[in-house]
Amino acid sequence: MLPFPTLRTVEIMIPPPSIFAFPALSIPLMTKESLKSHLKRCPFAKQARDLESQPYFSEDINTSSADSEDEIVSSDAKRKAIHGLTPLDFHHLITKIKSLHSTICSEMRVSLVIPERCSKWMNGMQERQVPFQEKHAVQQASIIGNMEEFGMISKPLGDCSGLNGEKGEGEGEGAAIVEFGAGRGYLAHMLADCYGFNKVFLIERRSYKLKADRSLRQKESLVFERLRIDIKDLNLHAIDSLKELPYLAIGKHLCGPATDLTIRCCLPDQSIPNKGPTFTGSHIQGLALATCCHHLCQWKHYINKDLFSKLGITKAIFHAITWFSSWAVDADHSSELTDMNDQEIHLTTRDTEESCKEKIRGVDEIIRKMPQLERAVLGFMCKEIIDMGRLFWLRDRGLEAQLRKYVPSNISPENHLLVAKQPA
């Protein structure tokens with residue numbers, strides 16, 4: 001056994017507090033003159049002024065006039081509202097969601113469609129060692145494949161222009177691509193390269209590095225514009241270079257209310273059911289929007305409040321549905337989840353009924369003890385409810401529309417694709 005080392009006592013001198021004291025900083029208040037001078041030099045203020053001077057900027061043009069009275073509800077506020085319910089009210093809420101889902105939702109099959117041209121394009125991108133992620137490229141290719149399968153775009157002739165410089169013949173001569181929430185713009189990049197589109201517009205409010213812009217600008221025959229603007233403020237039909245052109249609206253992962261704002265942006269003249277296509281300036285041929293982040297959706301911006309109101313869905317219930325939708329993303333997606341069915345969700349309702357009788361468990365404990373699969377099933381139900389409302393809105397406006405799962409959930413749990421086109 002080793003002996004313990006001899007311990008020494010060490011005195012530590014702690015200096016008086018005055019040594020650590022810092023002199024008070026004197027920060028002069030900004031006068032009106034200095035503020036005015038600063039705003040002239042501020043790059044962000046200059047950017048805002050430049051944007052507001054553009055003909056396509058119109059503040060809040062894509063928000064409903066009735067939306068102004070509603071406020072944005074944070075995720076934390078949604079969570080507190082649900083956790084503040086009694087077990088009986090929580091049970092009634094789950095029952096209401098289950099009933100609504102069975103009323104308006106139909107089974108969606110996974111439609112993973114990778115066109116051969118897109119597959120070749122992806123291989124070419126890998127060989128050229130450009131910024132490229134196969135997972136995202138597969139999602140982009142399947143969005144395009146579903147657009148072709150749905151009849152929004154036709155299969156072009158020739159090889160992929162992104163690989164050998166030949167432009168595919170098909171949609172590219174007349175129609176334009178408008179990608180909403182474009183990010184780096186690689187969905188539009190793939191579509192333009194593989195299907196010969198020669199007019200590309202990217203709509204994005206943020207700034208990104210490693211964008212597809214450089215590659216797109218190098219194409220001599222391609223008209224390209226990136227507009228840094230919030231979708232809610234975009235008057236699409238006031239873009240000079242897009243006027244009188246047919247276009248396809250696309251988007252990969254349009255977060256929360258961005259999907260609703262995009263639909264309103266593309267179809268501003270079809271706010272009245274069964275009015276039929278009415279076009280001013282450019283006109284839409286079809287749209288393919290991959291929805292995501294349903295937990296961020298807001299009653300303030302949701303496109304089909306009328307339908308939900310008729311079904312007894314209040315603002316509070318809608319925000320509860322959006323909060324539950326996050327459970328679909330929280331689940332383990334290492335393998336494809338089984339189809340949703342009544343037996344799985346029945347376990348949740350039965351459990352809450354028993355909790356109501358016992359009167360000893362709160363909603364916090366009920367949620368904590370729910371199996372992960374049941375939470376995921378409820379989450380996917382809520383995501384489908386939100387997107388089905390959007391689907392019905394498009395159909396009510398005379399469009400042919402479908403809701404598809406364009407990739408399995410083990411590739412991405414955010415796998416809903418809303419496709420729509422003008423009737424033949």
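**Entry 1: F180**

I started with F180, which has its place in strand β1. Before going on, I noted that helices (H or I, at least four residues) and strands (E, at least two) are DSSP runs numbered from the N terminus. The model is a predicted one, where local features need pLDDT of at least 70 and side-chain atom pairs count only at pLDDT 80 or more, while totals for chains, interfaces and linings use all residues. Residues are numbered from 1 along each chain as its sequence is written, and side-chain values use heavy atoms, with hydrogens and water left out.

Is F180 buried or exposed? F180 is buried, at a relative accessible area of 0%. For the record, buried means under 20% relative accessible area, exposed over 50%, and partly exposed in between (1.4 Å probe, protein chains only).

Next I looked up what F180 touches, where contact means heavy atoms within 4.5 Å. Leaving out residues up to four places away in sequence, its contacts include I203, I231, A249, I250, L254, T262 and C265. I also checked L289: it is 109 residues from F180 along the chain, yet their C-alpha atoms are separated by 8.6 Å.

**Entry 2: the sheet**

From F180 I moved on to the strands. I found 7 strands in an open sheet, ordered β3-β2-β1-β4-β5-β7-β6, with mixed pairing. Two strands pair if DSSP finds at least two bridges between them. The edges are β3 (223–227) and β6 (400–405); each has a single partner strand, so one side of each is left without a neighbour in the sheet. On average, neighbouring strands here are turned by 15° against each other, direction ignored. My note on angles: axes are lines fitted to C-alpha atoms, for helices over the stretch in contact, and angles run from 0 to 180 degrees between N-to-C directions.

β1 (residues 176–180) runs parallel to β4, and 4 bridges join them. V178 stands opposite A249 in β4. β4 also pairs with β5 in the parallel sense, over 8 bridges, and there P246 stands opposite H283 in β5. I counted 9 of the 10 residues of β4 as buried, so β4 is largely enclosed by the rest of the structure.

**Entry 3: helices around the sheet**

α17 (residues 372–396) lies across β5, β6 and β7 and runs at about 160° to β6.

How many residues of α11 are buried? The count is 9 of the 9, so α11 is largely enclosed by the rest of the structure. Among the buried ones are A258, D260, R264 and C266. What covers them includes β1, β4, β5, α12, α17 and β7.

Y186, H189, D193 and Y195 are among them. α9 is followed by G196, which has a positive phi near 75°.

**Entry 4: two loop residues**

I then looked at positive phi values outside glycine. E244 has one, near 70°, and is found in the loop between β3 and β4. At 61% relative accessibility, E244 counts as exposed.

C293 is not a glycine either, and its phi is positive, about 50°. It lies in the loop between β5 and α12 (305–310). C293 counts as buried, at 17% relative accessibility.

**Entry 5: the whole protein**

Last, the totals. I find 17 helices and 7 strands, and 49% of the 424 residues count as buried. Among contacts between residues at least 6 apart in sequence, 77% join residues at least 24 apart.
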